[in-house]
Amino acid sequence: MFRRLRSSRGSSSSSSSSASSSTVDATTAPSSPASSSPLLPPVRTRASTAAPTASSPATAAAAAATAAPTSAAASPVPSPSVPLPAASSAYTAAPVGAGAAISPPPRATAPVSAPPPVLPPSSSSSSAVTPQQQQPPLAVKNPGPVPRTTTTATSQPPQPLVAAPKPFTVAIVGAGLVGSLSALYFARRGWHVNIYDTRQDPRLDAPSTSAPTGGRSINLALSFRGISALQDVGVHQGIIDSVIPLKGRMLHLDNGALASHPYGQHGECINSVDRGFMNAHLLNALDRHPRVATHFEHDLVAADLASNRLTFRRRSAGVPGSDVVATPDLVVGADGAHSRLRQSLMRVERVDFEQHYIDHGYVELHMPPDETTGGYRMDQHHLHIWPKHSYMLIALPNPDNTFTVTLFMPWSRFEAIKTENDLLALFRTSFPDALHLIGQDRLVADYFANPKGSLISIKCNRYHHSSRAVLLGDAAHAM
């Protein structure tokens with residue numbers, strides 16, 4: 001009896017293990033002998049996992065009625081928002097007497113509550129009302145009629161006033177060639193430029209800008225680099241029309257012979273231009289520029305480069321001098337070899353400064369056009385040179401068929417010429433053909449009327465102060 005009971009329990013365990021399998025074929029699953037034993041409780045199994053035996057007609061009919069589709073058994077667990085299927089469709093109960101397992105109704109499982117979806121407001125009376133909506137409305141005092149406002153698509157709210165940025169300002173001391181050309185470059189960047197010069201406007205001294213003004217200047221030989229600098233700011237055309245190309249040097253020898261030495265083998269040349277004409281052309285361009293103002297007869301009397309405060313003394317004929325103060329963002333010193341701004345720079349910077357006078361001076365002379373033809377007295381496409389051991393004479397052509405002649409000599413020779421006879425004796429001995437071309441009367445008049453210029457060499461090892469001041473041209477390096 002006990003052996004049979006133990007054997008029956010073992011069989012029941014194996015039947016339960018078979019029932020826990022996920023897929024069992026109803027036609028091949030063996031019937032458990034313990035299912036009809038009165039000593040064991042009935043075994044409860046799922047209809048989808050443990051199929052009843054096919055030998056009993058009642059169990060076969062119950063299995064056929066309660067078998068779920070394969071796709072339903074493999075489908076995932078439905079989400080809590082979807083209603084669960086009815087218990088009768090998922091579970092079946094076979095009669096106990098027939099020996100089939102009894103499938104209980106599904107256990108009641110509390111679904112996981114999800115937060116209620118936020119739905120748009122609806123005017124339907126059947127929509128759900130939340131507890132917050134059931135609260136009585138607050139009593140609000142009637143504010144009266146709302147004033148109507150008229151707006152257009154183009155109306156904009158008022159914007160706060162913002163001050164325009166201050167323009168960058170530059171003060172240039174010196175209105176010569178370097179200062180004038182620099183002012184054009186600064187103005188091209190959109191900066192506001194004020195240029196000051198201690199001289200009177202040089203254009204007032206020359207009625208014709210195409211004629212040499214005479215004085216202490218030496219004619220310029222303008223090369224390709226100089227023309228490119230003028231072209232970058234658009235002022236080259238008026239100068240190019242007035243230059244004279246020089247293809248080489250013409251040497252005037254002691255025996256009266258001429259020797260031409262070309263500058264290149266492919267027509268290379270330099271261009272002769274009068275310094276006064278070129279300066280006047282640049283000043284005219286400055287007058288036409290809206291961001292440049294020129295101030296002549298303004299002497300620089302003080303310069304505080306720590307704060308960029310410049311003090312100028314304005315002087316005019318018959319008018320007492322008055323001071324003009326400028327505080328630019330950038331100060332440019334282009335006031336020549338004897339620069340006053342360089343002296344102020346040397347007070348705030350450790351400037352290695354070197355100044356050297358050579359033992360030569362110069363005086364400017366003039367060769368008029370030919371009296372018969374009105375043309376040039378010499379070939380106008382050469383730089384003419386009368387070389388001597390310690391002195392020389394040079395001549396550069398001008399557009400009005402004249403030549404600007406410059407005499408370079410040691411100061412001892414200049415000091416030795418005290419009368420007209422001393423001057424004529426020198427030219428008869430050293431430059432006889434030049435004396436004939438210039439003429440005795442014109443030579444004497446120019447020599448004693450024009451000033452004698454000195455030749456100086458300037459070197460600066462430091463030529464700027466931070467980003468507030470800088471020296472350019474002869475103020476920084478003169479040769």
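Start by selecting F168: at 32% relative accessible area, this residue is partly exposed (buried means under 20%, exposed over 50%, partly exposed in between, with a 1.4 Å probe and protein chains only). The model is predicted, so local features need pLDDT of at least 70 and side-chain atom pairs pLDDT 80 or more, while totals for chains, interfaces and linings use all residues. Residues count from 1 along each chain as its sequence is written, and side-chain values use heavy atoms, without hydrogens and water.

Rings of Phe, Tyr and Trp (its six-membered ring) pair if their centres lie within 6.5 Å; planes under 30 degrees apart are stacked, over 60 edge-to-face, the rest tilted. The count is ten aromatic pairs by that rule.

Next, go to W411 and F414. Their ring centres are 5.7 Å apart and the planes stand at 50 degrees, so this pair is tilted. Both sit in helix α11 (residues 411-416), three residues apart, which means about one helical turn separates them. Helices are DSSP runs (H or I, at least four residues), numbered from the N terminus.

F414 is buried at 8%.

With W411 and F414 they form one aromatic cluster.

Finish on K452. K452 lies over the face of Y447, 4.6 Å from the ring centre. A charge sits over a ring if NZ of Lys or CZ of Arg is within 6 Å of the ring centre and within 35 degrees of the ring normal.

Terms used. Helices (H or I, at least four residues) and strands (E, at least two) are DSSP runs, numbered from the N terminus.
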